[in-house]
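Here is a short tour of a structure, written to be read with the model open beside you.

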Amino acid sequence: MDRYAIVMAAGKGSRMKSLDEFHSKVSYPILGRALVKYVIEAVKPLNPKEIVTIVGFGGEKTKKIVQDDSKVVWQTTLDGTGHAVLQTKEILQNRKGATIVLCGDTPLITTETLQNLFKKFEKDGDSATILTTVMEKPAGYGRIVREEKSKKILAIKEDKDCNELEKYIEEVNTGIYVFDNELLFKYLNQITPNNAQHEYYLTDVISLMVNDNKQVGAYILEDAEEVFGINDRVQLSYAAKVIRKRVNKKLMLSGVSMEDPDTTYISPDVEIGQDTVILPFTTITGKSKIGHSNLIGPNCYIQNSIIGNNNHVIASYLFDTTIGDNNEVGPFTKTRANTIIGNNCRVGNFVELKNAIFDNGVKCAHLSYIGDSNVGEATNIGCMSVTANYDGVNKSHTDIGKHCFVGSGTILVSPIKMDDQSFSAAGSVITKDICYDELAITRPEQKNIAGGYTKIRNKALSKKEKK
């Protein structure tokens with residue numbers, strides 16, 4: 001049976017209290033991944049022939065998040081869940097198969113649960129199968145109304161439309177369903193906004209199916225936490241904690257060590273190899289990939305970076321960076337803008353690299369800025385060295401060859417080149433290329449003045465006495 005998926009992601013999310021009036025609720029991130037992206041990633045292993053996401057408020061932002069994995073349709077007026085699903089009509093209405101409908105603000109839902117919902121639908125031959133759960137405090141949720149003796153589902157009543165008895169029902173609608181696709185669109189065309197909200201409810205499709213003696217079933221989810229919806233930043237924080245625990249547990253069971261999982265924040269898209277140790281207060285996000293036998297942390301922030309094997313990275317910020325094997329990085333190193341570090345390098349305290357390539361064995365131990373540069377194998381960059389790569393308008397490039405020595409306090413004014421086995425003396429400002437086997441020095445001649453110390457000291461003391 002062909003499968004399809006509809007993700008409802010048009011809601012406004014006013015309780016998020018954002019200054020950005022066009023910030024869609026489902027675009028809020030948890031560990032670097034948007035809420036709606038969690039839902040889509042849970043759906044993708046089901047191999048649907050089509051995923052369609054319904055966007056509305058802040059839709060351009062949501063569209064950018066989902067468009068690589070999903071077709072996008074617009075709900076320009078927020079007239080209810082039934083009206084939202086109807087916007088997918090042109091794409092899905094004439095297709096045979098089963099369609100799952102989900103909410104884009106439920107990031108805790110798992111593929112396993114969705115698979116079980118589909119299995120229940122297919123095994124029982126339902127026209128619709130509702131994912132339900134039981135809550136002791138069901139206020140705010142739609143209630144599953146069943147016939148008293150047979151327990152047959154009769155309807156889903158939205159909270160605001162429930163009578164006093166129905167409000168005590170503890171089995172609730174999670175907002176996730178599997179429908180026979182053709183029947184879904186047949187009944188969507190029949191629903192009306194005759195309710196307290198004056199909206200077109202998707203739940204009314206269930207009532208119409210029951211009235212036509214179609215079989216409607218339910219898969220009761222034991223873990224209600226999976227369908228926890230996000231409406232404010234408190235709930236966002238709670239969901240983030242659950243996801244963080246899931247991600248960390250999965251990594252640890254695969255052979256990654258974490259000294260303190262409660263202070264370790266890793267995106268679900270991150271890959272980490274066996275025997276790597278993650279120390280406390282470390283965050284790893286984006287499409288980062290870390291090899292085996294590394295020591296990462298404490299106090300690292302790593303984003304969209306690739307790290308090889310047997311590295312030690314301590315208290316550093318790495319953005320869009322590739323690191324090879326057997327390197328020592330940090331503490332207090334910052335790398336960005338497609339920086340590449342080879343093997344057996346040392347990048348140390350308070351070093352910043354931007355769009356820099358370090359070949360194997362390069363050492364840049366402390367207090368330096370190297371930007372828009374290539375540095376050759378086994379070169380040493382001394383303390384407080386700088387590539388002056390920006391003239392206020394343009395960025396220029398620096399090429400430093402193999403086995404070079406950049407003396408402490410050297411300023412290389414780009415564009416400039418140091419050939420292999422060249423040397424800049426400490427404290428030099430280099431404005432011309434240095435050729436092979438040359439030493440460049442720009443310091444003025446030193447003069448030592450006899451009695452100079454006493455003269456300057458007495459002058460300073462005299463000034464102090466006058467004050």
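A residue is called buried when its relative accessible area is under 20%, exposed when it is over 50%, and partly exposed in between. With a relative accessible area of 42%, Lys-417 is therefore partly exposed. Please keep in mind that this is a predicted model.

**Salt bridges**

Lys-417 has a salt-bridge partner in Asp-419, with the closest N and O atoms 3.8 Å apart. Asp-419 also counts as partly exposed, at 24% relative accessibility. In the whole structure, 18 salt bridges are found.

Two further pairs are worth a look. The side chains of Lys-49 and Asp-2 form a salt bridge, at 3.8 Å from N to O. Lys-49 sits in the loop between helix 1 and strand 4 (50-55), and Asp-2 in the segment before strand 1, so this pair ties together parts that are 47 residues apart in sequence. Lys-49 is exposed at 52% relative accessibility, and Asp-2 is partly exposed at 33%.

The other pair is Arg-3 and Glu-122, whose closest N and O atoms are 3.5 Å apart. Arg-3 belongs to strand 1 and Glu-122 to helix 5 (residues 111-124), so the bridge ties together parts that are 119 residues apart in sequence. Is Arg-3 buried or exposed? At 13% relative accessibility, Arg-3 counts as buried, while Glu-122 is partly exposed with a relative accessible area of 34%.

**Backbone details**

Pro-298 is in the loop between strand 18 (295-296) and strand 19 (301-303); Pro-331 is in the loop between strand 24 (328-329) and strand 25 (334-336).

Positive phi values also turn up in residues other than glycine. Ala-315 has a phi of about 45 degrees and lies in the loop between strand 21 (312-313) and strand 22 (317-319). Asp-437 has a phi near 65 degrees, in the loop between strand 36 (429-430) and strand 37 (439-440). Ala-315 is buried, at 14% relative accessibility, whereas Asp-437 is exposed, at 57%.

**Pockets and surface**

| Pocket | Volume | Lining residues |
|---|---|---|
| Second largest pocket | about 610 Å³ | twelve nonpolar, three polar, seven charged |

Two or more lining residues come from each of strand 1 (3-9), helix 3 (81-86) and strand 10 (171-180), and strand 10 gives the most, with four.

The second largest pocket holds about 610 Å³. Of its 22 lining residues, Arg-33, Tyr-38, Val-247, Lys-250 and Pro-268 are the closest to the centre. Helix 1 (35-43) and helix 8 (233-253) each give two or more residues to this lining, with helix 8 giving the most, five.

Finally, Phe-332, Phe-350, Leu-367 and Met-384 make a nonpolar surface patch of about 430 Å². Leu-367, in strand 28 (residues 363-375), is partly exposed, with a relative accessible area of 44%.

How values were computed
Residues are numbered from 1 along each chain as its sequence is written. This is a predicted model: local features need pLDDT of at least 70, side-chain atom pairs count only at pLDDT 80 or more; totals for chains, interfaces and linings use all residues. Side-chain values use heavy atoms; hydrogens and water are left out. On a 1 Å grid over the protein atoms alone, a cavity is a set of points where a 1.4 Å probe fits but cannot get out, and a pocket is an open set with protein on both sides within 12 Å along at least five of seven lines; lining residues have an atom within 4 Å of a point. Grid points are joined across faces, edges and corners, and a volume is the space filled by probe spheres set on the points. Ala, Val, Leu, Ile, Met, Phe, Trp, Tyr, Cys and Pro count as nonpolar, Asp, Glu, Lys and Arg as charged, and the others, Gly among them, as polar. Patches are made of residues with over 30% relative accessible area and no salt bridge: like charges are joined within 9 Å, nonpolar side chains (Val, Leu, Ile, Met, Phe, Trp, Tyr) within 5 Å. Accessible areas come from the Shrake-Rupley method with a 1.4 Å probe; for residues, only the protein chains shown count as cover. A salt bridge is a side-chain nitrogen of Lys or Arg within 4 Å of a carboxyl oxygen of Asp or Glu. Buried means under 20% relative accessible area, exposed over 50%, partly exposed in between (1.4 Å probe, protein chains only).
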